[in-house]
Amino acid sequence: MKNKNRELAAELAVGALVALIFAGLAVFTIAISGKNLFRKNVFQIETVMPDAMGLRPNDPVIAKGTTVGSVTKVFYDRDGVHVQAQLEAPVEFHEGYEITVVSTSILGGRQLVLKEGDETSPVVEDVRHLVGRRPSDLMEDATEAVARVREFLETDALTNLYTFSESLKVLGLRLENGEGTLGRLLSSDDEMYTNLNAAVANIKLISDRLEKGEGTLGRLLSSDDEMYTNLNAAVADARDAIADLKSIAARLEAGEGTLGRLLSSDDEMYTNLNAAVANIKLISDRLEKGEGTLGKLLSSDDELYRNVNGTVTDARELLDDMREANTLSTFTSLLLSGF
Amino acid sequence: MIVREPPVREPARSAVQRLGRRVFDVLAEVGRASMICVGAVAAMRFALTKRARKDIVAQMHFCAVRSLPVVSVVAFFIGMILALQIGIELRVYNQEALTGSAVMASMLREMGPFMSGLVLAASVGAAMAAQVGTMMVNEEIAALEIMDIDPLRFLVMPRMAAMAVTVPMMSFYTCALGVLGGAVVSHTQLAVPWATYFQNAMDFASTKALWVGLFKAFLFGFIIVTVSCYEGFRTEHGAVGVGRATRQSVVTNFLLILIVGYFVTRLFY
């Protein structure tokens, strides 16, 4: 009896263990195979991609950052790689949608990412012939980045970097030695600080004076509006003067007045002036040549002078004679007029 | 024919002859072990008889239920160690959330069948070798043969049938507990949320890895029984011989599990 019970217990234990493990195995197999035994609302989509980048069945399908299904089949065809997926959410594709494969991590793993497109765009009805985009491979991108860095390092950039580093080192040493303005500022010597302090004190003094309205700048900044009024009046005067100048300029432009005529494009004055100058020149030439009375008068020939001088002398003598005779004639006239 | 007279051979005359004789001996041992395996498989046709069923269930109880505690501890700690080692490395790249995927993949592909195979070889296999060895030393095997009872059918077949089922079962159990142990470490030591760990683990679990792992465990079951029973059958010189057979069976099982495990992995990946 005891042996019988022991045998029964052993059989029960084995049976329970086997049932438990086989049930677990079945559930696990279903779970990792991606089969959906309980949900009936599944949507099938198919997309053709130029490159699947190692996408495999059961890889997750992501839309709006959440898992909405899984890849069921991936196969090669002449027009590209066909990827079939089973969605548990009613994803609606609009024109401008994007489907691509992305790496889940640097250690591997892929997922199919769906971007539904703009909701205002027309809906894509045929979800069995969606077109996928070429995926960007993380490793390819990393390789390209490394190649670029290598290319960068192979140029003079590295030398420049070394030079820059050396310059920084020299700069640091100079700063440490207190050379230059910055070095002095950073040095423990407080001369610069004292000067700076004095300068700040002066600035404070100036600002105090400005605050009090002292000096021209102070007055300008003060709340007293006398200066402003004067300035305003001066500006008004200047504006009037400018208006006058404008009027004068307009008159000059119109050729009014002497100056206007002089500045005008009308060349009558110029012609007259030119003719007058020509006449003056002609007269001066004739005078130079000694032509005419005035020319003869101005000529170096002193014959005329002598004749004139003689004539004048004669005239003076004649006048003297007349003056002497004039007293008698006057008396005679008076005498005769009495009668 | 299990019990046979030891061959009488002249001593080897040279080192080369000794080497050649040794090679032949090894090949003969492999052949005999293979014959035991083939004979036990052939005897599987009697596995559904009432007596055989009772023997198989008894062996399964011994192999599975009685081994459950040690398998549980080993599996749980293997998962914890894997998660800790992988997680520490992944944390350098700020990718510790992927610990679950790494633990799941390694447990399913290799560690599950490998660890369950080693544990069962060390516990059940050694016990089989000792039991059969003792029977051999006590001439019980000879008695069976005299009574025209096939030792392969009577002793080896139930063990082989039990182990062919038990080792894959224990392998899956090891995987499940290992992943659970990894989850505990990931959550407590690496601050990976439970959901993230299991989500990543399930994302990286593949049907192929599961079934290749189970196939590997199935082969390990055959290997353990064949080697253990073979070492038991060739036991001689009393208790000392039983100890030697037990030790030899464990060593040979470990080596074969490693070698066959590699070649099966190479075959499928």
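Which residue in β7(A) does A:V48 stand opposite? A:V48 faces A:V131.

This is a predicted model, where local features need pLDDT of at least 70, side-chain atom pairs count only at pLDDT 80 or more, and totals for chains, interfaces and linings use all residues. Residues are numbered from 1 along each chain as its sequence is written, while chains are lettered from A and ligands numbered from 1 in the order in which they are written.

**The sheet in chain A**

Seven strands form an open sheet with mixed pairing, in the order β5-β6-β2-β3-β4-β1-β7 (chain A). Strands (E, at least two residues) and helices (H or I, at least four) are DSSP runs, numbered from the N terminus. β5 and β7 of chain A each have a single partner strand, so one side of each lacks a neighbour in the sheet. Strands pair if DSSP finds at least two bridges between them. β1(A) pairs with β7(A) in the parallel sense over 2 bridges.

| Strand of chain A | Residues |
|---|---|
| β1 | 43–49 |
| β5 | 98–103 |
| β7 | 130–131 |

**Where the chains touch**

The contact takes 17 residues from chain A and 19 residues from chain B. Residues are in contact if their C-beta atoms, placed from the backbone, lie within 7 Å. On the chain A side, helix α1 (residues 2–33) gives the most, with 13 residues.

**Two helices in chain B**

The axes of α3 (residues 68–92) and α6 (residues 151–189) of chain B come within 7 Å and cross at roughly 45°. Axes are lines fitted to C-alpha atoms, for helices over the stretch in contact, and angles run from 0 to 180 degrees between N-to-C directions.

Note on methods. Contact = placed C-beta atoms within 7 Å.
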